[in-house]
Amino acid sequence: MNIDPLVVIGVIWSLVILSFLLYKENIAYRFAEYTMIGVAAGHATVSAIYLINGSNITPLLRGNLLHIVPLFLGIMLLFKLKGEYAWLGRYGIALVVGVGTGDVVRSQMAASFIRQITSTLEIFTIRTAEQAFNVFVFMVAMLSTILIFIFTVRPVGAAAPLPKVQKLGRLFVMFVLGTIFAHQIMSRVAMLAGVLQRLVALFGF
Amino acid sequence: MAASESIWDKLGNLDRRILFWAIVLIIIIPLIHPLGLPVTVSERVREAYNFVEKAVKPRDIALIDLGTGLGPMPETMPGLLAMTRQLMRLQARIVFTTGYISPEAVVVIETVMDQTLRKDPKFVYGEHYVNFGWYTGGGTAIRRLASSWKDVFTRDWYGTPNERLPIMKDITGADSFRLVWHVGPEIAWITYWKLGKNVPVLVTYMALNIPTYLPYYAAGDIYLLGGQRESAEYEILVGVPGPGVPAMDYQSLGHLFVLAVVVLGNLGHIRRKLKRGTQ
């Protein structure tokens, strides 16, 4: 039988990691965990150097002097390691955070906020009885769920039914959480199966 | 006293490791003896498949971007392989990238290329497909890729400069691509490529991330394949056997087991509550 040594190592490593769940924390598990972190950190460092070299140093050496700005800001970030000069690193971080925030506010407002509201309004184009039913359920779920988060109104007078509506909203939230839980199971079972599949294949099944 | 413990009390105090072992056994059994449970194709998956079939013409360029490592691969790999095979059948050109920092993502790209493109001599590296590997900067880099590809990538993952890659003659930015297939949790593809440049975005990711993506799917901004189940469905549509369909056996059994445990746990909880009420 022709066995790939990399598969054997992968299977042994997986079993060592699983031993944490199926048995208890042990020295082999810790060794595997630290190795994984070390390899990932090493790879990230080498990849970063490769990327900085390709996207910054090389163009700079070819005469594109604008690349000196990010290089300079990047070097200033290293001053964060030395307490008395740490303030120098703030300029680079300020630029990254500022650009990032501005970008996110502009783009995410469009994708995750305004686009969602407009698409929600689109559901009111009802053509069939099934669509009408869906819109009804959607509206009840949306309104009752939003009302859960109203804490400033006393349930008296016109607002007397509020607790009952909030209870209904909680029911919808539980449906959603149940769905997320089911999806979690699917993901975890698939991950575990990926490991076990290699194990089973190793023994020729 | 321990002797008076009912079955419900025993179940309530069960060592969780017994449940983990049970799950392991439940997954291993169908791996050894497949059950062949039927898999039906859902509307969402058919939509994605039909879109690709209609939209992609020979020599169109598709971008496959990985935003994840090896962990979710049992879920996403079947869809990834099926999609690559579909794009190959449609004679599209394929570009691979990854924004995931861990070393695993490039390994996944290599695996996909090994199992599909490198097996077919009609597909030549650099001309019909290329692996640009890792980029850093998340959303900012994705935005830059849309406006100017060469500002992010000056060479491919193996160090070949762009000028020596024939496919690069046709790549300038988002406008050069017919579609993006993103495997991961990065919303920036929707923001910058779909809403910004009107490039269709298809997303595959773990089942647990489906709720995050559903609002974007409902808004018509993406095509969505969620988790192993929908990856298996895509495999059926593409018509090439892969790892997805057989996986549905252990998924079904695993779900049934967890469902049974949840029901038993709830019954025990209700019983305990009622008992407390009568005391």
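Domain bounds here come from an automatic or database domain assignment. With that in mind, select chain A: the assignment gives domain 1 (1-63) and domain 2 (126-205). What you have open is a predicted model, in which local features need pLDDT of at least 70, side-chain atom pairs count only at pLDDT 80 or more, and totals for chains, interfaces and linings use all residues. Residues are numbered from 1 along each chain as its sequence is written, while chains are lettered from A and ligands numbered from 1 in the order in which they are written.

**Stop 1: the two domains of chain A**

Colour the two domains of chain A separately. Their C-alpha centres lie 36 Å apart. They do touch: 7 residues of domain 1 of chain A and 5 residues of domain 2 of chain A take part, where a contact means that the C-beta atoms of two residues, placed from the backbone, lie within 7 Å. On the domain 1 side of chain A, the residues split into 5 nonpolar, 2 polar and no charged. For these classes, Ala, Val, Leu, Ile, Met, Phe, Trp, Tyr, Cys and Pro count as nonpolar, Asp, Glu, Lys and Arg as charged, and the others, Gly among them, as polar.

**Stop 2: helix 1 against helix 6 in chain A**

Helices (H or I, at least four residues) and strands (E, at least two) are DSSP runs, numbered from the N terminus. Pick helix 1 (5-22) and helix 6 (162-202) of chain A. They pack at an angle of about 130 degrees, with axes 10 Å apart. Axes are lines fitted to C-alpha atoms, for helices over the stretch in contact, and angles run from 0 to 180 degrees between N-to-C directions. Helix 1 and helix 6 of chain A are therefore oblique to each other; angles under 35 degrees count as roughly parallel, over 145 as roughly antiparallel, 65 to 115 as roughly perpendicular and the rest as oblique.

Show side chains next. V7(A), V8(A), G10(A), V11(A), S14(A) and L18(A) of helix 1 meet V195(A), R198(A), L199(A) and L202(A) of helix 6. By class, that contact has 7 nonpolar, 2 polar and 1 charged residues.

**Stop 3: where the chains meet**

Bring chain B into view. The contact between the chains takes 36 residues from chain A and 46 residues from chain B. Which helix of chain A gives the largest share of its side? Helix 6 of chain A does, with 16 residues. Helix 1, helix 2 (27-61) and helix 4 (89-122) of chain A also supply at least two residues each. Overall, the side of chain A that touches chain B has 20 nonpolar, 14 polar and 2 charged residues.

H183(A), M186(A), S187(A) and A190(A) meet G227(B), Q228(B) and R229(B), a set with 2 nonpolar, 4 polar and 1 charged residues.

**Stop 4: chain B and its sheet**

Chain B is divided into domain 1 (2-33 + 248-278) and domain 2 (43-242), with C-alpha centres 40 Å apart.

Turn to the open sheet of chain B: 6 parallel strands in the order 3-2-1-4-5-6, where two strands pair if DSSP finds at least two bridges between them. Strand 3 (129-134) and strand 6 (222-226) of chain B are at the edges with a single partner strand each, so one side of each has no neighbour in the sheet. From one strand to the next, the twist averages 15 degrees.

Zoom in on strand 1 (residues 61-66) and strand 2 (residues 93-98) of chain B, which pair in the parallel sense over 6 bridges. Across that pairing, A62(B) stands opposite I94(B).

Last, show helix 8 (residues 188-195) of chain B: it lies across strand 1, strand 4 (179-183), strand 5 (201-205) and strand 6, running at about 165 degrees to strand 5.
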